[in-house]
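Dear colleague,

I am passing on the structure we talked about, and my notes on it follow below. Please read them with the model open beside you.

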Amino acid sequence: VQLVESGGGLVQPGGSLRLSCAASGFSFSSSAMSWARQAPGKGLEWVSGIYADGKAYYGDSMKGRFSISRDNAKNTVYLQMNSLKPEDTAVYYCATRQPVSAAEYRHYWGQGTQVTVSS
């Protein structure tokens, strides 16, 4: 399993960014995918998830500002982030949970991409 995030960077408050996560090594089209983030000095925070059927979920502070989507033909999941705030500054990670046996699952994470919201 390999997850490679891209699209992070420096953006002004109120700006937008689109993160991408290219996935390989598993059945992407039948897998749920998630985004999580870790701000400096804080713990990991779940951001958004999307099921294989396209149904999406968001953390409370992201609703209305972030949008998750997937392109199964490209094995890629996206996170469109609008109206960014300084408190959105964090390393953003792509993640998936995959079976490793009949009764065991393992979480896989990408290397992360830095998002900095600052004027």
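Strand β9 (residues 90-99) and strand β11 pair in the antiparallel sense, over three bridges, and within that pairing Y92 stands opposite T113 of β11. Please keep in mind throughout that this is a predicted model.

On another side of the pairing pattern, β11 is also joined to β2, in this case by three bridges between strands that run parallel, with L10 standing opposite T116 in β11.

A polar atom of the T113 side chain lies 3.1 Å from the backbone nitrogen of G8. Leaving aside residues up to four places away in sequence, T113 touches E5, S6, G7, G8, L19, A90, V91 and Y92.

In strand β2 (residues 9-11) you will find V11, which is likewise buried, with a relative accessible area of 10%. With the same exclusion of residues up to four places away in sequence, V11 touches S16, L17, L84, T116, V117 and S118. V11 and Q80, for their part, are 69 residues apart in sequence and 13 Å apart in space, taken from C-alpha to C-alpha.

Turning to the aromatic residues, the structure holds three aromatic pairs. One of them is formed by F26 and F28, whose ring centres are 6.4 Å apart and whose planes stand at 50 degrees, so the pair is tilted; F26 counts as buried at 14% relative accessibility, and F28 counts as buried at 2%. Another is formed by Y51 and Y57, with ring centres 5.4 Å apart and planes at 90 degrees, so this pair is edge-to-face. Here Y51 is partly exposed, with a relative accessible area of 45%, and Y57 counts as partly exposed at 35% relative accessibility.

Finally, there are charged side chains placed over rings. R70 lies over the face of F28, at 4.6 Å from the ring centre, and the charged end of R97 sits over the ring of Y105, 4.1 Å from its centre.

How values were computed: Residues are numbered from 1 along each chain as its sequence is written. This is a predicted model: local features need pLDDT of at least 70, side-chain atom pairs count only at pLDDT 80 or more; totals for chains, interfaces and linings use all residues. Side-chain values use heavy atoms; hydrogens and water are left out. Helices (H or I, at least four residues) and strands (E, at least two) are DSSP runs, numbered from the N terminus. Buried means under 20% relative accessible area, exposed over 50%, partly exposed in between (1.4 Å probe, protein chains only). Contact means heavy atoms within 4.5 Å. Two strands pair if DSSP finds at least two bridges between them. A polar contact is a pair of N or O atoms within 3.5 Å; within protein, one must be able to donate a hydrogen and the other to accept it, and residues adjacent in sequence count only if both atoms are side-chain atoms. Rings of Phe, Tyr and Trp (its six-membered ring) pair if their centres lie within 6.5 Å; planes under 30 degrees apart count as stacked, over 60 as edge-to-face and the rest as tilted. A charge sits over a ring if NZ of Lys or CZ of Arg is within 6 Å of the ring centre and within 35 degrees of the ring normal.
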